[in-house]
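Hi,

Here is the structure I promised to pass on to you.

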Amino acid sequence: MSVSRFPAERRHTLYHCDEIRATAPVFLDTEVDMSRIQEHRAEARRDGRRYSVVSYVLKASGSVLAEHPEANAAIRGRLRPKVARYATVGGKVTLDKTLGGRRVVLSSVVPKLEQSSLDDVQQHVDRLRDGDPETMPEFEAVRKLHRLPVPVGRTLFRLATRSFAHRPELRGTVAVTSLGHRAVDSFHSVGGTTVTLGLGRIVDRPVVRDGAVVVAPVMRLSLAFDHRVIDGAEAADVLSELKDFLEGYAPEAAPETAAEESSEERAVEEPAAQEEVVHEAVDARDPASPAPST
């Protein structure tokens with residue numbers, strides 16, 4: 001047996017685990033037919049574009065949680081608990097990185113998901129995936145945290161992550177984490193947000209369509225929710241709507257097409273009337289596939 005000091009590079013994870021102890025997690029999961037997503041990814045690859053499964057789920061989260069402010073929320077306090085509800089959706093993604101020579105999980109937030117296109121989300125994810133955590137400004141606070149004595153670091157982490165005002169950009173309002181790059185069908189994680197989504201691998205499974213059994217690419221999607229903030233019915237609605245979004249995925253209209261449609265609509269109508277700090281984001285080996293997370 002050997003005993004050593006807790007590695008400084010993992011202190012942020014230790015502090016995070018301390019902070020989420022008050023969470024009252026409940027876990028749900030469902031299976032998602034990813035046929036539409038896989039078809040879109042294959043078509044995009046032929047055009048030289050690559051999309052991560054995580055990016056689709058982030059996009060779906062922005063759309064769904066914008067319609068569920070009760071779930072796009074945060075809680076703070078025991079004697080006088082308060083709940084903050086946000087108009088903007090910040091998606092925290094977890095990344096498998098090497099920092100100081102040690103494999104660690106880091107996280108960063110993709111902001112304003114409710115108004116971001118899939119390409120916007122993917123560009124943000126690409127930068128996080130490809131960047132060096134030793135130099136990236138997103139992880140400067142974490143690097144400083146590692147250099148502080150544990151009592152000081154733990155206190156500063158607590159103060160930063162409990163801020164309602166800065167939560168969307170520091171901690172996110174929803175967390176997305178994936179282990180789909182390995183032989184993991186499902187897992188449940190608590191990301192420090194009211195809703196945390198876990199992505200398993202995509203594998204061919206039998207599904208029933210129009211009374212017939214066919215083979216389709218299926219992904220298990222898990223949702224952990226903080227029961228202090230929302231109840232099971234709301235969480236079930238969120239998970240079901242995420243499933244519907246992914247299974248019925250329709251590519252966004254190109255900007256020119258959207259502009260033309262808006263112009264045509266106006267032409268028809270006018271005559272009648274005149275919102276806290278320091279797993280998979282994306283595997284560095286394959287920009288289009290998820291990477292390890294915890």
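The side chain of arginine 171 comes to 3.2 Å from the backbone oxygen of threonine 161, a polar contact (a pair of N or O atoms within 3.5 Å; within protein, one must be able to donate a hydrogen and the other to accept it, and residues adjacent in sequence count only if both atoms are side-chain atoms). Arginine 171 sits in the loop between α7 (167-170) and β6 (174-178); helices (H or I, at least four residues) and strands (E, at least two) are DSSP runs, numbered from the N terminus. With 8% relative accessibility, arginine 171 counts as buried (under 20% relative accessible area; exposed is over 50%, partly exposed in between, with a 1.4 Å probe and protein chains only).

Please keep in mind that this is a predicted model: local features need pLDDT of at least 70, side-chain atom pairs count only at pLDDT 80 or more, and totals for chains, interfaces and linings use all residues. Residues are numbered from 1 along each chain as its sequence is written, and side-chain values use heavy atoms, leaving out hydrogens and water.

On to α3: 12 of its 13 residues are buried, so the rest of the structure largely encloses this helix. Among them are Tyr56, Lys59 and Leu65. At the start of α3, a side-chain oxygen of serine 52 reaches to within 3.0 Å of the backbone nitrogen of valine 54.

Glutamate 67 lies in the loop between α3 (53-65) and β2 (73-76), and its 60% relative accessibility makes it exposed. Its C-alpha atom is 9.1 Å from that of valine 238, 171 residues apart along the chain.

Best wishes
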